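Please keep the sequence and the model in view while reading.

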Amino acid sequence: MDRRDFLRLGSAAAAGMPLAGCLSGRSIRRSRPNIVYVFSDEHRWQSLPFAEEAHIHAPNMMRMAAEGTQLRNCVSTSPICSPYRAMLMTGQWPHQSGYVSNHWLGDGRSIGITSPTLGHVFSQGGYRAGYIGKWHLMSETCANAGFEVFQHWLYGDDHMKTEVRDVAAGEDFHTESGYNAVGMTDQAIEFMDSRDDRPFFLMLSLNPPHWRWDDAPEEYMALYPDEEMSFRPNVIGEWKEGRQRFYFRNYQAHISAVDDQLGRIMDYLKAAGLEEDTIVIYTSDHGSSFGSNGVGSKANPFEEAVRVPFVVRCPGQIPSGRTVGATVGTMDMFPTLCGLAGLGVPSHCGGRDVSSMLFGGADAGPETQFLTVNNFPKNYFRNLVLQEHTIPQCAFRAVRSERYTYAVHSEGEWFLHDNQADPYQMNNRIDDPALADVKTHLRAELETWLSIAEDPFIPDAWRALPLPERIAEQHRHYTLLPFEQERAQYKQDAVAAVGGTVSDELTEAADRIFDAEFFGLYLALHKESAGGKRWSDEPAEEIRRRLEQLERERSAMFRTEVNRIAGRE
């Protein structure tokens, strides 16, 4: 069965058609299970004690893996917070929902208005649906999300002081003090304890181990003495020292703190007699690099950013101690959760239901998963200031199979890594003749994914571009889109400054001369000279000189056009 066949399964389920070879939760169980979906923020697969970092103190994650099933090739389709969450909640691709990045979220109407969410599907399917924790999908969409209980924790990057509100009760935000993962789990247990005759569906969105990486509780920091710190072989130099070293200690400490909350949930279920009736899932929205391959954070196609934990446990229902190698992506989460509950998968879902595999069915799936980041503004501006074109964190399109990752960015083909022979991705084989056929095959896979995940939802003009140019155009477009009013005002002021009658020809000249390329560099230099975080080592005076020169040059070009137009009148 190929990828398109798998994707068609979702439409068949929504239409009430039987899914050949695909068992639903209803056919496995006499009654529908409770489901608890716990997802933390920025927890990479490598930082698991049963993956690559045995020193990580996470006995409850170990317990889940020993007593349940883990997916060792689960990836974040778009390793940034908002796109992941929109795919999870709506089952739609980023361009389809409008949630293309953290910095451009469309108008938000996809959340509960133009398509149902998991909250709607489970509520309408007879479940008591609850959401607790970080949302990051525009605060105003919470009211449309379809959950009967919704405790909205506003981001939560300060793990010791977080704004919280009860959405269903119409509350305003109030401040909760104390480690927020504990407070969120308190509410999760309260939600489960106030159950009624309906099965419950709970989504618990924990902020840690996301930044901040300087406020992990001391009892967890003590588990990771500074002198015993270890790093992946692809981490070099400054990433092992000073502040970065301290941050990585905090990151690991936060993972252990999250692990304790998982333990509390499993202990509650056992004490309440719900253990064998409740499917518990632990996963994450994406990973984080911490210096691997010279990258500090997320939004890149390297293993540390895209590969995430996925462990599912339900004694007597989910096979214990099982590891599945099939490639699974973010888009598969919505239909799989529906499948675990025996609910039909809405036709708008772009992924596939792998619930039968979790219940013990065949280890099968499409060969590859699609990976994408449409724009990452800080790197767009950084590149312009530094006059660089490629850095590890940037817009890209990629595919990942169990063995290989192939990536393309705005300058062309980026890398081809053999993740089996080179698990730390230190040997780029993009030009290796020995892998020429592999590259050709993976490029074809990428084109197929683009035809499914992107082409139906973008303008014709973008589809017509070669892939690197398409990526560059979208990176620029979505980065500058929030500044459209500023750009319009800049052009308006330029036209007003020359005096005379405003004409279509004059306006067209302003559009052409003060174009997106100019305005991006103008914004980048302006941000760099205005203080705050600096990207370059150039003196501020030199940055201001570059900005003034840029404006002078374009103003002179515009004046030439004005004179040309006036001379014809």
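Within the largest nonpolar core, which has 50 residues, F201 and M203 touch the most other members; a nonpolar core here is a set of buried Ala, Val, Leu, Ile, Met, Phe, Trp, Tyr and Cys residues joined through side-chain atoms within 4.5 Å, and buried means under 20% relative accessible area, with a 1.4 Å probe and protein chains only. Helix α11 (residues 333–341) supplies the largest share of this core, 6 residues, where helices are DSSP runs (H or I, at least four residues) numbered from the N terminus. A separate core of 47 residues includes L48, F191, L202 and V258.

The model is predicted: local features need pLDDT of at least 70 and side-chain atom pairs count only at pLDDT 80 or more, whereas totals for chains, interfaces and linings use all residues. Residues are numbered from 1 along each chain as its sequence is written, and side-chain values use heavy atoms, with hydrogens and water left out.

Leaving aside residues up to four places away in sequence, F201 is in contact (heavy atoms within 4.5 Å) with partners including I35, L118, F147 and L337.

Rings of Phe, Tyr and Trp (its six-membered ring) pair if their centres lie within 6.5 Å, and planes under 30 degrees apart count as stacked, over 60 as edge-to-face and the rest as tilted. The count by this rule is 38 aromatic pairs.

| Y490–F519 property | Value |
|---|---|
| Centre to centre | 6.3 Å |
| Angle between the planes | 70 degrees, edge-to-face |

Because Y490 lies in helix α17 (residues 484–498) and F519 in helix α19 (residues 516–529), the pair ties together parts 29 residues apart in sequence.

Key:
Helices (H or I, at least four residues) and strands (E, at least two) are DSSP runs, numbered from the N terminus.
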